[in-house]
Amino acid sequence: MAGKSRPPRADAARNRDKLVAAAAAVFGERGLDAPLDEIARRAGVSIGTLYNHFPARQDLFDAIFPARLAALDDIVERSLADPDPWNGFVVYVEGLFALQAQDRGLNDVLARRFPLAPELEAACHRGFDHLVRIMARAKESGDLRPDFEPPDIVPLMWAMSQVIRESADAAPSAWRRCLGFFLDGLRAEAARPLPAPSLTAEQVARFLE
């Protein structure tokens, strides 16, 4: 029928699948700035074939990381199912950073080291919305300090992402100790007056861009 798009040839579909698998492995090992030539080499195709399927690096991000972030859905379910709202908050935060520690590419995604493609951007926003709900529950129970606002998660993610990035080879569990100190400071009984306000909505928007 005129105007009807043809399905991709079998060899083209296979090449795309190989590229996605290779990119997931290479980005996971080396981060989002890994050479595209290495991805093409591991997939067993030419760099031209890579660009035919993924004209921009961000197109590869969109093919890989939304599915990786879907793992957060299970973490959210466990968090909200926990009868202790503080434990639920800890489950989410620890689960999020554990995902980042397992995948350098995902760690870079959540630290915004590269501009994100639209589908991946939407997945990140969904994750942030889940966190807002989980934080509200822990505040209502009186466990999470009341002045910890959703924008405050942004500097926490910057800090933890850098700890994960710098310690991954020498001390892959070091981030857990660091996070433990942060979490103790977020308990309501530990709250003291803070020297600066939370990020503004404009500052958060600039970060999310």
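A residue is buried when its relative accessible area is under 20%, exposed when it is over 50%, and partly exposed in between (1.4 Å probe, protein chains only). The model is predicted: local features need pLDDT of at least 70, side-chain atom pairs count only at pLDDT 80 or more, and totals for chains, interfaces and linings use all residues. Residues are numbered from 1 along each chain as its sequence is written, and side-chain values use heavy atoms, with hydrogens and water left out.

**Exercise 1.** Decide whether N107 is buried or exposed, and describe its surroundings.

Solution. 
1. N107 lies in helix α7, residues 104–110. Helices are DSSP runs (H or I, at least four residues), numbered from the N terminus.
2. The relative accessibility of N107 is 2%, so N107 counts as buried.
3. Contact means heavy atoms within 4.5 Å. Apart from neighbours within four places in sequence, N107 touches Q100, R113, S161, I164 and R165.

**Exercise 2.** Determine how helices α6 and α10 are arranged.

Solution. 
1. Two packed helices are described by the angle between their axes and by the distance between the axes. Axes are lines fitted to C-alpha atoms, for helices over the stretch in contact, and angles run from 0 to 180 degrees between N-to-C directions.
2. For α6 (residues 85–102) and α10 (residues 174–185) the angle is about 150° and the axes are 11 Å apart.
3. Angles under 35 degrees count as roughly parallel, over 145 as roughly antiparallel, 65 to 115 as roughly perpendicular, and the rest as oblique. Therefore α6 and α10 are roughly antiparallel to each other.
4. On the α6 side the contact is made by W86, F89, V90, V93, E94, F97, A98 and A101, and on the α10 side by W175, R176, L179 and L183.
5. By class, this contact of α6 with α10 has ten nonpolar, no polar and two charged residues. Ala, Val, Leu, Ile, Met, Phe, Trp, Tyr, Cys and Pro count as nonpolar, Asp, Glu, Lys and Arg as charged, and the others, Gly among them, as polar.

Conventions: Helix = DSSP H or I, 4+ residues; strand = E, 2+ residues; numbered from the N terminus.
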